[in-house]
Amino acid sequence: TPTSIPVKVLDMNFQMNGQININKGFYIFAFSRPAPGQSVADPISINDTYWTDYISLGLNQSSNFVRRERITPGDRASDWNPTIFTFTTGSYSGNHIQIILPFSTIGNPQDLYFNMITTDSGGIARDALGFGTGTFSDSYHIDVNKLGTAQTLTDVQNDIVTTPPPPDGFMPVSSSYDIISGQITVKLQ
């Protein structure tokens, strides 16, 4: 049989404080890659102005995971492409989420920023993987040249945002949207 050619992928694994609950809100995995003609990406926050791509896990979607990018790939000024883009796999179980994304589908950038954000059903951010929801320190620079070296990210437990108040029924299940840690590995698959 033919030998398969290894593909470079982003393998992302995340832990919540509680059980995943897609009926109460969203788990968003946002990326910022360099704009066309640029070699450096901009750090991102929970504001989608800075996103070039995102994957969403949540309620009332066409499938559990959907992936979108800007109409002009890498350009954060364009509108969102209505097409749902594919990726290798997305799964969740208990308090764990895993996404495997082929690197070629994000244009093989040499510079890439990432953030994971949780929101309630109204789209209000409740936690972000970083030092404080809504700050630029909430994004992580992924070193795409460190093949096979896991980048481990931690988050403060019980730092979910409660102002403005969550929708009825969100509490006390907020731990489902409280991010604990993440690990991103660029590897060959």
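Student: Why does R67 count as buried?

Tutor: Its relative accessibility is 2%. The cut-off for buried is under 20%. R67 is at 2%, so R67 counts as buried. Keep in mind that this is a predicted model.

Student: Where does R67 lie?

Tutor: R67 lies in strand 4. Strand 4 covers residues 65-69 and is mostly covered.

Student: What makes strand 4 "mostly covered"?

Tutor: Count its residues. Four of the five are buried.

Student: How do you know that R67 makes a polar contact with the side chain of T105?

Tutor: Look at the distance. The side chains of R67 and T105 are in polar contact at 3.0 Å. The limit is 3.5 Å between N or O atoms.

Student: Is N60 buried or exposed?

Tutor: N60 is at 78% relative accessibility. Exposed means over 50%. So N60 counts as exposed.

Student: Why is N108 called partly exposed?

Tutor: Its relative accessible area is 43%. Buried needs under 20%, and exposed needs over 50%. A value of 43% falls in between, so N108 is partly exposed.

Student: What makes the bond between T163 and P164 a cis peptide bond?

Tutor: Its omega is about 5 degrees, and the bond is cis. Most peptide bonds are trans. P164 is found in the loop between strand 10 and strand 11.

Student: Why is the pair of F31 and F114 called tilted?

Tutor: Take the centres. They are 5.3 Å apart. Rings pair within 6.5 Å, so F31 and F114 form a pair. Now take the planes. The angle is 55 degrees. Stacked needs under 30 and edge-to-face needs over 60, so this pair is tilted.

Student: How do you know that this pair links distant parts of the chain?

Tutor: F31 is in strand 2, F114 is in strand 7, and they are 83 residues apart. Both residues are buried. Ring pairs link F14, F29, F31 and F114 into a cluster.

Student: How do you know that R70 lies over the face of W80?

Tutor: R70 is 3.9 Å from the ring centre. The distance limit is 6 Å, so R70 passes that test. R126 lies over the face of F170, at 5.9 Å from the ring centre. That value is also within 6 Å, so R126 passes too.

Student: Which residues have the most contacts inside the largest nonpolar core?

Tutor: L10, Y27 and M116. This core has 31 residues. Strand 1 gives the largest share, four residues. Another core of ten residues lies apart, with F26, W51, A125 and A128 among them.

Student: What makes D11 buried?

Tutor: D11 has a relative accessible area of 6%. That is under 20%, so D11 is buried. D11 sits in strand 1. Its side chain is joined to that of N13 by a polar contact of 3.1 Å.

Student: What makes strand 5 and strand 10 edge strands?

Tutor: The open sheet has the order 5-6-1-11-10, with antiparallel pairing. Strand 5 and strand 10 each pair on one side only. Strand 5 pairs with strand 6 over five bridges, and T89 stands opposite I100 in strand 6.

Notes. Residues are numbered from 1 along each chain as its sequence is written. This is a predicted model: local features need pLDDT of at least 70, side-chain atom pairs count only at pLDDT 80 or more; totals for chains, interfaces and linings use all residues. Side-chain values use heavy atoms; hydrogens and water are left out. Two strands pair if DSSP finds at least two bridges between them. Helices (H or I, at least four residues) and strands (E, at least two) are DSSP runs, numbered from the N terminus. A nonpolar core is a set of buried Ala, Val, Leu, Ile, Met, Phe, Trp, Tyr and Cys residues joined through side-chain atoms within 4.5 Å. Buried means under 20% relative accessible area, exposed over 50%, partly exposed in between (1.4 Å probe, protein chains only). Rings of Phe, Tyr and Trp (its six-membered ring) pair if their centres lie within 6.5 Å; planes under 30 degrees apart count as stacked, over 60 as edge-to-face and the rest as tilted. A charge sits over a ring if NZ of Lys or CZ of Arg is within 6 Å of the ring centre and within 35 degrees of the ring normal. A polar contact is a pair of N or O atoms within 3.5 Å; within protein, one must be able to donate a hydrogen and the other to accept it, and residues adjacent in sequence count only if both atoms are side-chain atoms.
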